[in-house]
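Dear colleague,

I am handing over the structure below, followed by an account of what was found in it. Please read the notes with the model open beside you.

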Amino acid sequence: MRLSLMKAAHPVVSSAAYGKSGFAGDQNQGLDNGPQHEKDEHNSSRMKIPLFPLEVVLFPEAALPLHIFEDRYKEMIGVCLAEKVAFGVVCAQREGLAVVGCTAEIVRVLQKYPDGRMDILCQGAKRFEIENLDNSRSFLQAEVDFFVDEGLPASRAMREECTALHFEVLELMGGEKAHRAFDLDEPVAFRLAWASPTDLAFRIELLAMRSDGERTERLIAFYTAMLPKLRRGVQASATAGRNGHVM
């Protein structure tokens with residue numbers, strides 16, 4: 001079965017492509033099994049990687065603990081460990097698979113169980129865009145193109161503003177009050193987005209952006225729109241706590 005990838009604002013593979021496994025697949029007879037590098041007609045580097053569809057959007061440098069229990073993913077992780085290669089994490093929802101994803105490098109195996117299950121710790125690495133899917137093995141694979149930011153980076157002032165807004169949102173939502181240290185001379189948008197109370201569609205949008213400046217600006221707009229509602233909620237709660245008597 002051959003699929004076409006839908007590249008929209010929140011790109012996904014159509015849900016009609018889902019098989020019994022719950023994941024989309026594409027039988028590409030021309031691709032060999034296992035991770036490999038290829039060249040396309042534009043002589044750009046392209047790679048086929050194992051794919052792990054999850055209901056999560058992984059960002060570069062983010063830590064991702066996983067419990068591996070399905071046989072197909074036991075096999076996949078075994079291949080990754082033996083060949084020392086990363087696998088791709090792509091967001092899977094009812095409507096399909098996101099076109100963009102992020103590779104996960106296995107940092108270490110935390111626990112192995114007698115039945116082959118394992119707990120592993122992974123870290124997000126490179127972003128990619130899916131070109132073709134391949135279900136010739138028990139686990140899904142994909143031919144992907146890797147991409148990096150091309151636009152202008154965010155200024156330090158933008159990073160400071162975004163970080164301050166981020167922690168105000170978390171505090172108003174009852175989250176951490178002790179602010180973690182960030183190197184504001186480096187991009188922070190992905191690190192903030194990983195801990196942000198955002199939905200999957202918004203996270204996919206951020207992952208697909210190719211400009212740190214645009215990504216940071218988008219987060220600032222999100223926090224700015226969210227904060228007035230949170231502040232009103234906190235004020236209303238405080239008033240209710242005083243039994244309606246304003247002091």
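Is cysteine 80 buried or exposed? Cysteine 80 is buried, because its relative accessible area is 2%, where buried means under 20% relative accessible area, exposed over 50%, and partly exposed in between, computed with a 1.4 Å probe and with protein chains only. Please keep in mind that this is a predicted model, in which local features need pLDDT of at least 70 and side-chain atom pairs count only at pLDDT 80 or more, while totals for chains, interfaces and linings use all residues. Residues are numbered from 1 along each chain as its sequence is written, and side-chain values use heavy atoms, with hydrogens and water left out.

Confidence and overall layout

The mean pLDDT of the chain, pLDDT being the predictor's confidence in each residue from 0 to 100, is 81, and 74% of the residues reach 70 or more. Over residues 1-44 the pLDDT is below 50, although this stretch has 107 contacts in the model beyond near neighbours in sequence, a contact meaning heavy atoms within 4.5 Å.

The chain holds five helices and nine strands, which are DSSP runs numbered from the N terminus (helices H or I, at least four residues; strands E, at least two). Read from the N terminus, the order of the elements is β-β-β-β-β-α-β-β-β-β-α-α-α-α. Of the 247 residues in the chain, 46% are buried, and the chain exposes about 13,000 Å², of which carbon and sulfur atoms supply 52%; accessible areas come from the Shrake-Rupley method with a 1.4 Å probe, and for residues only the protein chains shown count as cover. Among contacts between residues at least 6 apart in sequence, 67% join residues at least 24 apart.

Cysteine 80 is found in helix 1, and, leaving aside residues up to four places away in sequence, cysteine 80 touches Pro50, Val85, Ala86, Phe87 and Ile106. Cysteine 80 and glutamate 105 stand 25 residues apart in sequence and 8.9 Å apart in space, C-alpha to C-alpha.

A search of the whole structure finds eight aromatic pairs; rings of Phe, Tyr and Trp (its six-membered ring) pair if their centres lie within 6.5 Å, with planes under 30 degrees apart counted as stacked, over 60 as edge-to-face and the rest as tilted. One of these pairs is formed by phenylalanine 52 and tyrosine 73, which are stacked at 4.1 Å centre to centre with 15 degrees between the planes. That pair links distant parts of the chain, since phenylalanine 52 is in strand 4 and tyrosine 73 is in helix 1, 21 residues apart. Phenylalanine 52 counts as buried because its relative accessibility is 7%, and tyrosine 73 is buried with a relative accessible area of 3%. Ring pairs link Phe52, Tyr73 and Phe87 into a cluster.

Charges over rings

Arginine 117 lies over the face of tyrosine 113, at 4.3 Å from the ring centre, and arginine 210 lies over the face of phenylalanine 147, at 4.1 Å from the ring centre. The criterion is that NZ of Lys or CZ of Arg is within 6 Å of the ring centre and within 35 degrees of the ring normal.

A buried aspartate

Aspartate 134 is found in strand 8 (residues 118-134) and counts as buried because its relative accessibility is 0%. Its side chain makes polar contacts with the side chain of lysine 48 at 3.3 Å and with the side chain of serine 136 at 2.9 Å. A polar contact is a pair of N or O atoms within 3.5 Å; within protein, one must be able to donate a hydrogen and the other to accept it, and residues adjacent in sequence count only if both atoms are side-chain atoms.

Backbone angles in two loops

Most residues other than glycine have a negative phi. Glutamate 61, in the loop between strand 4 (45-54) and strand 5 (63-68), is not a glycine but has a positive phi of about 75 degrees, and at 56% relative accessibility glutamate 61 counts as exposed. Lysine 84, in the loop between helix 1 (71-83) and strand 6 (87-93), likewise has a positive phi, of about 55 degrees, and counts as exposed at 78% relative accessibility.

With kind regards
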